[in-house]
Each structure stands twice: as structure tokens, then as C-alpha cells.
Amino acid sequence: MIPTLRSLPDPEALAAELGTRYRLGFTSCTLLRSLVNDVYELATDNARYVLKLYRYDGRGPDEIRWETGLSEHLRASGVLAPMVVPLPDGDTVGLLETPEGPRPFTLLGYVEGTKPRPPFTDEVYADFGRQLAAFHDAADNYTSPYYRPPADLVHRLDRPLEEILVVDSTEENLLRSLAGAVRNNLAQYSKAGTCHGDVTMDNVLLTEQGLLLLDFDLAAVGPLAADFGGVATTPHWDAFKAGYAARRPITSEDEAAIPYLQVAGRIFNLYFHLVDKPRWRGAESRDEGWAAAELDGLRAAAAVLL
């Protein structure tokens, strides 16, 4: 048999297998999306669930147990987060045998709600700020017996940069100069904690109970100001800051760090689009425009920061 990089399980077979594993009578299974991980909606006669099937060469089971533990900790702290559904033995992570090897999975309760749609308002962004502050407050005292690599500059800047340059070295001088500026200017920034890692409107759900943050796949311990980078580029940054500051401060130190953490974030995203994604989406995915947009953003940052 030829080794497989990425398989896509059949939904009907998946429902049968997981119904046995969870002792639930799943009546339907629908693939919602397939990108970094595969996400399915499962349903019984009276409940709906979301299955997250991680890719084979991605997060290990203990890294995912760190993630499910964070979700449970947030809920116990009164922060809206998806409910993790454990297996009968109490474990929150299972393994599915696939052609490429064992792939971890988790099951979450389905959350009723809607995604915010443009045009966005200051009111929505103020709520977003308040909810991220609640996330940071609760996550400040999160501990886990399981290890997840931190979102530090080694994992989110240095290693991705070296892999980018193996694939494409045409912008090496630009990228190395920016990486040096990031390191020099963040040397004294010490405000670290558990970050969400992907704070965008794509990961927000409006529910009857309030705004809920989704997707902790990139959550890790790292510089807290990194969670402000995406929002700071929007015209609603002041509204977001006001909402966040109603619960906890955004300091001048945080604001000074944001442009450099944005650069680190762009280099990490560039790695995803040039190196990681093409492994399972094909080399043509490099020409979808995402990598070019990140490079344009890095050039613009260089004009200001270098």
C-alpha cells in the first residue's frame, strides 16, 4: 500500500464508529470543513455535536488534552466556551485508525448561534474586547499536566522562518531584518499568559448567552499582546480596547509590542501558506493569494519598523 498523507473518512462510517465509542446513537454525520483539521457535525435524535478530527502529523493527544482542559477550565470559570464531551472512560481525546496512522479526535457540544457578518459595529467589537479580557482573566490561572509547545518566538518566529527560507529565499534579507527587529524590540516585553492565538471575527459566535470565542487550536502560553494584533488593524480597535479595558488594562507596553508581534504573526502565517498547507493541499495553493498578502503586509511593516 502506498503511504497516505491525508485521508478523508466517510461520514456514514464515522458516525457508526463514533456512535460505538461514545455510546451515542448518531443518526447523521456531515463534513463541515476540511483544512488543517476535519470538522464534522454529528447528530442524535435529540442533540447535535461537533467532531474535530485532527490531522495525523499535527497535534499529539497530550497537546489536545491541554486544549480540552483549557475549554473545561474556561467553562468552570464562567466564560462561554464549547462543552467537551468525554469518552466513557473519561478521556477527552480518542484515536481513529486511518490509512496514514492514528488521528486524534475530540467531541464538543454543538453551540447554537450565528457568526457576526460585516459591516461590523463598535458595539460588537466592544463585546469582543470584554470577552477576550474574560478569557485572559480565566486563563491566567490555568494549569495542565499536559504539555503544549509555547507560542514563543522560537516556535512562532525562528523555526517557521528557517523552513520558509528552505522553500523560498527570495525575501531572505527582508524577513531576517524583520525577525531581528522583533527580537530586539520584544527583549524586555514580559507580559505572558495563555493566549487564544487566533483572535478574529472568524472565531466568534453570537449566542443567546452572549459572545463566545471558538477554536483553541492555536492557544498556548505566549505574549498576551499577540492576541491584539489582528484587531488592532481594524477601524474598531478603540472600541475593542474600551471593552477589554473595562475588565483589565491594555498597557503602553502592550501597545508598543503589538507591531512587532504582528510581524511574528505574519511570518508564522507565511510559513503556513508556503510550507505547511502545500503538503496536503498541493503546491498550487501557494498561488491562492494568501502568501502574497502576508508578504505585502511584511513589506509595509518594514517601511515603518526598519
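Ground rules. I number residues from 1 along each chain as its sequence is written, and for side-chain values I use heavy atoms, leaving out hydrogens and water. Because the model is predicted, local features need pLDDT of at least 70 and side-chain atom pairs count only at pLDDT 80 or more, while totals for chains, interfaces and linings use all residues.

Entry 1, His73. I found His73 in helix 2 (residues 61-76); helices are DSSP runs of H or I, at least four residues, numbered from the N terminus. His73 is buried at a relative accessible area of 19% (buried is under 20%, exposed over 50%, partly exposed in between, with a 1.4 Å probe and protein chains only). Beyond neighbours within four places in sequence, I list Ala138, Asn141 and Tyr142 as contacts of His73 (heavy atoms within 4.5 Å). A polar atom of the His73 side chain lies 2.7 Å from the backbone oxygen of Ala138.

I looked up helix 5 (residues 172-186) and helix 8 (residues 290-305): their axes, lines fitted to C-alpha atoms over the stretch in contact, come within 10 Å and cross at roughly 55 degrees. Helix 5 contributes Leu174, Leu175 and Leu178 to the contact, and helix 8 contributes Leu298, Arg299, Ala301 and Ala302.

I placed Ala192 in strand 7 (residues 192-195); strands are DSSP runs of E, at least two residues. Ala192 is exposed, with a relative accessible area of 53%.

Definitions and conventions
A polar contact is a pair of N or O atoms within 3.5 Å; within protein, one must be able to donate a hydrogen and the other to accept it, and residues adjacent in sequence count only if both atoms are side-chain atoms. Axes are lines fitted to C-alpha atoms, for helices over the stretch in contact, and angles run from 0 to 180 degrees between N-to-C directions.
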